[in-house]
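Hello,

Here is the structure I promised to pass on. Please open it beside this email and follow along.

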Amino acid sequence: MSWGRRLVRVASPLAALGVWQLLTSLDVNLWLRFEQFPTVVEVASALADRIGTEAYWQDLGHSLRRIALGFLLAAVLGVAAGTAVARSRWAADVLGPLVEVVRPVPAIALVPVAILLLPTNEQGIVFITCAAAFFPVLVSTRHAVRALDPVWEEAVLTMGGGRFRVLFSVVLPGALPGVFGGLSVGIGVAWICVISAEMISGEYGVGYRTWQDYTVVDYPGVFVGMATIGVLGRLTSTAVEALGRRVTAWLPSAGEGGAAGPARPSGSAPAPAPRTDTAAPEGPRPLTGPAPDAPADSAAARSSAALPVPDKEPVT
């Protein structure tokens, strides 16, 4: 990345903070009422006070633990279910209708279900987090597996590989880019739902503390919670994307040898080379055409081909 782009990426949030500070310090009230907003200086002061307390880091630890457990469960279950639905007709017939019915339901709407089914609020929050990230991972995995070129699977089967060999050498490596796309979306959705679940039924966590600040009209504290959530979401999303780039390092980049062709799964056999001989099969040659060893574009061949063949007198 060039220095110009890095400078723009740093200047963009700083400019947004500057506009925020200007609008709130001047109490601008042009349809949007900024006079009730805390200034950037007030939020920064509240953040400095919170960082020095034990409760802030305790809330941070609870939210991170819930995200880690829920997201890991969603990743494992989503990849397994998505692969099964894409590869097995039986799994598609059994799980497909259930997935399409439950998927539109917001994960935060499952809070009453979690309260009724699970014995503790902690388990309920992890369940909601897992449900939020599960469906993006499942759908992305399903589409990635179905989009694989069957030539790789046929090559492995031709060389004597079994179903497990196809799964671990072709299907899963080939679907990794799509899987990590779903994981990147899932981690963002997981943060949304874990914060909402903490606000509703939590005892600790960043979401719980943010809601408590709102109930006591501590608006700088509310913005501290929002900033903390944003930073945590950015860090976890960056970690998932970095892991995806490391795991899929075998993929060809666009700068290697021109445009990158279709990705070949790691450990699979090379694709058969396309045929280059496109000549038509040889048939009977006309009597008036050029000799087989004569060049087709020579003047002598063209003139001889144009001369009529004289009729021969029968020998008596």
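**The nonpolar core**

The largest nonpolar core has 48 residues, and Ile-128, Leu-183 and Trp-191 touch the most other members. A nonpolar core is a set of buried Ala, Val, Leu, Ile, Met, Phe, Trp, Tyr and Cys residues joined through side-chain atoms within 4.5 Å. Buried means under 20% relative accessible area, exposed over 50%, and partly exposed in between (1.4 Å probe, protein chains only).

Which elements give two or more residues to this core? They are helix 2 (40-51), helix 3 (54-87), helix 5 (111-117), helix 6 (121-146), helix 7 (150-158), helix 8 (163-201) and helix 10 (219-247). Helices are DSSP runs (H or I, at least four residues), numbered from the N terminus. Helix 8 gives the largest share, 15 residues.

Now look at Leu-183. Beyond residues up to four places away in sequence, Leu-183 touches Phe-71, Ala-75, Val-137 and Val-240. Contact here means heavy atoms within 4.5 Å.

This is a predicted model, numbered from 1 along each chain as its sequence is written; local features need pLDDT of at least 70, side-chain atom pairs count only at pLDDT 80 or more, and totals for chains, interfaces and linings use all residues. Side-chain values use heavy atoms, with hydrogens and water left out.

**Aromatic rings**

There are 6 aromatic pairs in the structure. Rings of Phe, Tyr and Trp (its six-membered ring) pair if their centres lie within 6.5 Å; planes under 30 degrees apart count as stacked, over 60 as edge-to-face and the rest as tilted. Phe-34 and Phe-37 have ring centres 6.0 Å apart and planes at 70°, so they pair edge-to-face. Phe-37 is partly exposed, at 39% relative accessible area. Tyr-56 and Trp-57 are also edge-to-face, because their planes stand at 90°, with centres 5.3 Å apart. Tyr-56 is buried at 15%, while Trp-57 is partly exposed at 47%. Ring pairs also link Trp-20, Phe-34, Phe-37 and Phe-223 into a cluster.

**A buried arginine**

Is Arg-66 buried or exposed? Arg-66 sits in helix 3 and is buried, at 2% relative accessibility. Its side chain reaches the backbone oxygen of Tyr-204 at 2.7 Å. That is a polar contact (a pair of N or O atoms within 3.5 Å; within protein, one must be able to donate a hydrogen and the other to accept it, and residues adjacent in sequence count only if both atoms are side-chain atoms). Leaving aside neighbours within four places in sequence, the contacts of Arg-66 include Glu-122, Glu-198 and Gly-205.

Best wishes
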